[in-house]
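I set out to record what I looked up in this structure. The entries cover loops, helix packing, and the spaces left inside.

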Amino acid sequence: MEESLLAMYGGPKSKTIPFGTGQRFGDEELKELKEALEQNTLFYHYGQKVKTFLSRFNDLYGVRYSVAASSGTAAIHIALGAAGISVGDEVITSPITDQGTVVGILYQNAIPVFADLDPHTYNMDPASIESRITARTKAIIAVHLAGNPCEMDAIMAIARKHGLKVIEDCAQSYMCRYKGRLAGTIGDYGCFSTNDFKHISTGDGGIVTVNSGNEADYHTVHAFADKNYRRLGLEVIRDLHGLAPNYRMTELQGAVGIAQLRKLPAICESRSRHGQRLTEAIEGLRGIAAPRVHLGNESSYWFYMLRVDEGSLGAPRELFCQALAAEGIPNVPGYIPEVVYMQPMFQRREAYAGSNFPFDLTGVTYESGICPNAEEILRTAVRISINEFYTDQDIDEVGSAIRKVANHFHNRQT
Ligand SMILES: *Cc1c(COP(=O)(O)O)cnc(C)c1O
């Protein structure tokens with residue numbers, strides 16, 4: 001292959017036109033918002049917008065029940081509360097995720113336990129999950145990272161064997177499919193986020209699916225999102241039998257959500273196509289490992305994260321990232337700066353100021369090295385944006401930039 005000079009050294013940039021952009025919100029959202037205000041109430045239980053949002057979501061996902069929340073973090077906390085997670089329980093989850101995954105665990109005074117990841121899907125390795133199970137383990141939060149589904153058959157089998165609840169964190173994974181089934185409908189609960197950075201946005205917001213389809217379970221989830229008010233029966237019951245937060249969604253968010261939901265399938269199809277196209281463009285390139293989506297699964301690529309093998313590439317990751325950026329392809333080394341358990345809260349074992357509770361219930365410590373694959377992923381990953389507004393040409397130029405930069409370092413090596 002003919003080598004052209006890297007843009008970093010004065011050569012022509014691979015990216016010749018600006019990336020495609022677009023408006024996420026428009027007249028559809030405005031119309032729904034206007035109707036919400038005209039209801040003369042913005043309370044989800046009196047108005048129709050949150051209800052309509054959820055019923056459309058249920059239709060799209062093929063589930064009977066779901067509950068709205070104020071955020072994705074809230075959605076996960078609600079699922080944990082409804083699952084009965086309590087003081088001193090252990091919940092197994094992924095060390096590469098948004099911190100919203102672990103917040104609810106600690107609010108329940110339960111203890112996060114981290115399983116290691118598959119080096120290529122960046123999702124939890126079922127064997128590692130099983131190795132972390134103790135008598136205290138009560139649930140698994142399966143994080144489908146960046147649109148790529150976890151190995152749900154294996155995870156569900158482990159959960160059944162040990163009597164654990166499974167909560168799917170789908171905040172980054174709308175319309176992603178595991179062996180044809182939608183992620184978020186397989187475990188006991190599926191949790192979604194509609195914060196402004198996700199596939200669809202209501203500013204902030206979340207959804208919990210109740211996959212048992214059981215009405216009592218639905219009522220429990222519903223009450224846990226609403227201070228334990230039980231509003232679904234004939235009369236409202238306010239008896240307080242346990243602690244639950246107020247994580248309600250307002251009609252304003254529900255209204256925007258209705259309009260956003262109509263756009264969701266096209267958004268996910270576009271991202272899915274772009275991600276696959278980029279993988280095809282860079283597959284087999286020495287020193288570059290594309291993210292792996294198992295055969296039969298579908299990713300909706302919230303972002304695109306590849307890994308570099310500095311030895312076979314012939315350059316350090318930082319230089320690769322700089323060269324790619326100079327070609328006109330914005331990128332970031334890694335995803336979160338460090339695995340979640342290296343954060344001060346876990347290192348100091350201090351979730352509540354001045355206390356080591358609940359960590360001191362088990363004496364758990366979070367040493368560097370407990371999830372070696374996860375740590376190695378963050379040391380070698382390069383994250384590239386995927387957006388539904390990108391064009392095929394955008395993706396082709398990203399692909400040729402990666403090939404150009406990689407080939408440059410290969411040739412320099414030999
Ligand atoms: C965004 C996100 C959350 C939290 O959602 P918020 O709406 O920001 O609270 C949880 N888990 C993952 C994997 C996320 O990406």
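I took helices (H or I, at least four residues) and strands (E, at least two) as DSSP runs, numbered from the N terminus. The model is predicted, so I note that local features need pLDDT of at least 70, that side-chain atom pairs count only at pLDDT 80 or more, and that totals for chains, interfaces and linings use all residues. Residues are numbered from 1 along each chain as its sequence is written, and side-chain values use heavy atoms, with hydrogens and water left out.

**Entry 1: backbone in two loops**

I looked up N40 and found it in the loop between α1 (27–38) and α2 (49–61). N40 is not a glycine, yet its phi is positive, about 70°.

I then turned to P358, which sits in the loop between α11 (344–347) and α12 (372–380). The peptide bond that leads from F357 to P358 is cis, with omega near 0°.

**Entry 2: helix pairs**

For the axes I used lines fitted to C-alpha atoms, for helices over the stretch in contact, with angles running from 0 to 180 degrees between N-to-C directions. Angles under 35 degrees count as roughly parallel, over 145 as roughly antiparallel, 65 to 115 as roughly perpendicular, and the rest as oblique. A crossing is left-handed if the near helix is turned anticlockwise from the far one by less than a right angle, and right-handed if clockwise.

I examined α8 (residues 251–282) in two pairings. With α13 (residues 392–413), the axes come within 9 Å and cross at roughly 30°. α8 is therefore roughly parallel to α13, and α8 passes α13 in a right-handed crossing. With α1, the axes come within 8 Å at a crossing of roughly 150°. α1 and α8 are therefore roughly antiparallel, and their crossing is right-handed.

I also checked α3 (residues 72–82) against α7 (residues 215–224): their axes come within 9 Å and cross at roughly 130°. This pair, α3 and α7, is therefore oblique, and α3 passes α7 in a right-handed crossing.

**Entry 3: the largest pocket**

On a 1 Å grid over the protein atoms alone, a cavity is a set of points where a 1.4 Å probe fits but cannot get out; a pocket is an open set with protein on both sides within 12 Å along at least five of seven lines; lining residues have an atom within 4 Å of a point. Points are joined across faces, edges and corners, and a volume is the space filled by probe spheres set on them.

I found a volume of about 360 Å³ for the largest pocket. It has 20 lining residues, of which F197, R271, W302, S385 and I386 are the closest to its centre. β12 (331–333) and β13 (381–385) each supply at least two lining residues, and β13 gives the largest share, 3 residues.

I sorted residues as nonpolar (Ala, Val, Leu, Ile, Met, Phe, Trp, Tyr, Cys and Pro), charged (Asp, Glu, Lys and Arg) or polar (the others, Gly among them). The pocket lining divides into 9 nonpolar, 5 polar and 6 charged.

**Entry 4: the cavity**

How many cavities of 30 Å³ or more does a search of the whole structure find? I found 1. The largest cavity holds about 90 Å³ of space. Its lining includes T121, Y122, N148, P291 and M305, and divides into 9 nonpolar, 3 polar and no charged residues.
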